Amino acid sequence: MTEDMKMDTVVALLRDQPDPINVLYAASLMGLTKGLWKVSGAGSAGVTRAFGEDIWHLIKIGSTMLKVDQDISSPQKAMEFYDSYLIGRFNVADSMDYDVTDNSIEITVKNCRAHHYTDYLEENDVPRSVGCPLALGCAAMMEEVTGDPFIVDSIDSKDGNSKIVLKKF
């Protein structure tokens, strides 16, 4: 990856994120995740799973405060809640379409607002799966709902549109 391409992602982040404090948070997270990968490699995924757990916890607490219904009685219902809260409250993407089974979930994300972060990771030889907040949060959600561990199997992304596949481990 050339330095110009890496710079393009940073410039896009600055252009697309109107709140300077969010740029600072994103840059901090970018550096933290990249540094963690340099030090720990694939083992860093065990640490970044905590990102997903915290995101899921934030969603549950926030929705409780806002008196939003949290039907997580099944993986399908939980994904409906996850989708509506992330899109409605956090505007993380234009849309998320998903297919849920007992053993996996496939999510198609259109115009993800976090893609500059995961683009940056990929440009720096860090797999998107190590830092994708939507995938990590969803894995934590699925683990709570099903009682089984879930892993990020794959993330294919281009121009802010992604296909995320999570599988029961």
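How far is the sulfur of Cys132 from the closest cysteine sulfur, and in which residue does that sulfur lie? The distance is 6.2 Å, to Cys112, which is too far for a bond. A disulfide is taken here as a pair of cysteine sulfur atoms within 2.5 Å. For Cys138, the closest cysteine sulfur is that of Cys132, at 9.6 Å, again too far for a bond. By this rule the count is 0 disulfides.

The model is predicted, with local features requiring pLDDT of at least 70 and side-chain atom pairs pLDDT 80 or more, while totals for chains, interfaces and linings use all residues. Residues are numbered from 1 along each chain as its sequence is written, and side-chain values use heavy atoms, leaving out hydrogens and water.

Both of these cysteines are buried: Cys132 has a relative accessibility of 7%, and Cys138 has a relative accessible area of 0%. Buried denotes under 20% relative accessible area, exposed over 50%, and partly exposed the range in between, with a 1.4 Å probe and protein chains only.

Cys138 is one of the buried residues of helix 6, which covers residues 133-146. Helices (H or I, at least four residues) and strands (E, at least two) are DSSP runs numbered from the N terminus. The buried set runs through Leu134, Ala135, Leu136, Gly137, Cys138, Ala139, Ala140, Met141, Met142 and Glu143. From first C-alpha to last, helix 6 reaches 20 Å, close to the 20 Å expected at 1.5 Å a residue; the expected span is 1.5 Å times one less than the number of residues.

Strand 1 (residues 95-100) pairs with strand 2 (residues 104-110) in the antiparallel sense over 6 bridges, where pairing requires at least two DSSP bridges between the strands. Ser95 has Lys110 of strand 2 as its bridge partner, and a hairpin of 3 residues joins strand 1 to strand 2.

Turning to the other helices, Ile61 lies in helix 3 (residues 44-65) and is partly exposed, at 39% relative accessible area. Together with Met65, Leu66 and Val68, Ile61 makes a nonpolar surface patch of about 370 Å². Such patches comprise residues with over 30% relative accessible area and no salt bridge, nonpolar side chains (Val, Leu, Ile, Met, Phe, Trp, Tyr) being joined within 5 Å and like charges within 9 Å. A salt bridge places a side-chain nitrogen of Lys or Arg within 4 Å of a carboxyl oxygen of Asp or Glu, and accessible areas come from the Shrake-Rupley method with a 1.4 Å probe, only the protein chains shown counting as cover for residues.
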